[in-house]
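Have the model open in your viewer and let's take a walk through it.

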Amino acid sequence: MTGQGAAFDLSASRLSDAALVAPLSMHARMGSSGASSEARSRALDWMRLRQLFAEARLYSRHRAAIEVRRYRPMAASLLDLEALGPVLGGKVPLVVSAHRASDIEAAIAFAAEERIRLVISGGAEAWRVASVLARAGVGVLVDPEVNQPETYDTLGARPDNAALLHRAGVRVGFSAAGAAHDARSLRFSVGRSVAWGLPHSAALEGLTSAPARLFGLEDRGTLRVGALANLVIWSGDPLELSTRVRHLVIHGREIPLVTRQTLLLQRYRGRAVGP
C-alpha cells in the first residue's frame, strides 16, 4: 500500500477550506515497480495485500479486543487497518497502479474476492484485457505518455490504448501518473490519443467527468444544474497546442487571467536582451 488519496480545492484561500473529500481513495502499487524489495516478487506482494485486507476485516469485527491486546498480534499497524475501513465498506476505491495485463487481471480478481471498488492507474497493457475490465465495471486512469514499450511491464504499450478501452466499454480517465508538475500538459498527450482513434468527446470526458465519477465526485466535471460552477473557455480546441484559455470561472466567479509570468511578460516585452 502506498497511502490514501484526497480531493482538494486549490482555489480555497484557507487550508481548512481546501479539503473536499478525505479520504478519497486508497492506493497500491503492483508490478515490477511495486514488487517487494527483498524478493522482487509479485506473488509475495499479492499475498501481503490479502493478509492486510484479512486483518482489516478482523479489526473491524474485533476492534475492542485487538486494541486492548486480547487478540493475536496484527502484522500491520492498527492505523493502517483502520484506514482500510472505507475501502472495505465500499466508500472509496482501491487504486492499483499497474501496467502489465496479468497484474491488471490479478487486481480485478482480488477486487472481486474482496468485493471492493477498483480503479486501475497507468494500464499500459489494459487494452489486452479490455473485455475483462468492461465486464467487471473497472475504470482505468490511463497515462497517455506511456504509449510505447519502455520496461518489461510495458512491452504491450501502444498509442491507441485509450481508444481500444473506450471501444470495449471501459470508462477511461486520464492521469499524469503522479507528476503534478506535468498536469498542465496532459491535454496535449490526450490530443495524441484522439489522433489514434479516441473520440474527441470521450477525450474531453476523460479529462473532466470520468475521473470525477471514478472517485464518486458526481458534482464535478459536468455542465448541469446542481453541479459545481467551474468552467474553462478556450480560444479553440483545448487539445490543440495553439489554443489558450480565454475565460476561467471557479465557483461561479470569473478569475482574472493574470499571473506572475504575464506581468513579467508585460514588463519586459520589447526590451533589448544582452549588451
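Helices here are DSSP runs of H or I with at least four residues, strands are E runs of at least two, and both are numbered from the N terminus. Counted that way, the chain has 12 helices and nine strands. Keep in mind that this is a predicted model. Its C-alpha atoms fill a box of roughly 75 × 50 × 45 Å along the principal axes. Of the chain's 275 residues, 38% count as buried. If you take the contacts with a separation of 6 or more, 56% of them come from residues 24 or more positions apart.

Let's go inside. In soluble globular proteins, nonpolar side chains tend to be buried together. The largest nonpolar core here has 48 residues, and the ones touching the most other members are Phe53, Leu94, Ile120, Leu133 and Leu165. Take Leu94 as a way in: leaving out neighbours within four places in sequence, its contacts include Met1, Met26, Phe53, Val87, Phe110 and Ile116. A separate core of nine residues lies apart from the largest one, with Ala7, Val95, Leu141 and Leu214 among its members.

Now for the helix pairs. Two packed helices are described by the angle between their axes and the distance between the axes. Start with H2 (residues 42-61) and H6 (residues 101-114), whose axes come within 12 Å and cross at roughly 15 degrees. Angles under 35 degrees count as roughly parallel, so that is what H2 and H6 are to each other. Their crossing is right-handed. On the H2 side, Arg42, Trp46, Leu49, Arg50, Phe53 and Arg57 make the contact, meeting Asp103, Ala106, Ala107, Phe110, Glu113 and Glu114 of H6. By class, that gives six nonpolar residues, six charged and no polar ones. You've met Phe53 already, among the residues that touch the most other members of the largest core.

While you're at H6, have a look at Ala101, which is found in this helix. With a relative accessibility of 10%, Ala101 counts as buried, because the cut-off is under 20%. Beyond residues up to four places away in sequence, Ala101 touches Glu125, Arg128 and Val129. Ala101 and Leu155 sit 54 residues apart in sequence, yet their C-alpha atoms are 10 Å apart in space.

The other pair is H9 (residues 186-195) with H10 (residues 200-207), packed at an angle of about 150 degrees with axes 9 Å apart. H9 and H10 are therefore roughly antiparallel. This crossing, too, is right-handed. Leu186, Arg187, Val190 and Val194 of H9 face His200, Ala203 and Leu207 of H10 in the contact. Five of these residues are nonpolar, one is polar and one is charged.

Most residues other than glycine have a negative phi, and most peptide bonds are trans. The bond from Ala22 to Pro23 is cis, with omega near 0 degrees, and Pro23 is found in strand E2 (residues 19-29). Arg115 has a positive phi, near 60 degrees, in the loop between H6 and strand E4; at 75% relative accessibility, Arg115 counts as exposed. His251 also has a positive phi, near 55 degrees, and lies in the loop between strands E8 and E9. With a relative accessible area of 41%, His251 is partly exposed.

Note on methods:
Residues numbered from 1 in each chain as written. Predicted model: local features only at pLDDT ≥ 70, side-chain atom pairs only at ≥ 80, totals over all residues. Heavy atoms only, no water. Axes fitted to C-alpha atoms, helices over the stretch in contact; angles between N-to-C directions. Parallel < 35°, antiparallel > 145°, perpendicular 65-115°, else oblique. Left-handed = near helix turned anticlockwise from the far one by under 90°. Contact = heavy atoms within 4.5 Å. Nonpolar A, V, L, I, M, F, W, Y, C, P; charged D, E, K, R; others polar. Core = buried A, V, L, I, M, F, W, Y, C linked by side-chain atoms within 4.5 Å. Buried < 20%, exposed > 50% of the residue type's maximum accessible area, 1.4 Å probe, protein only.
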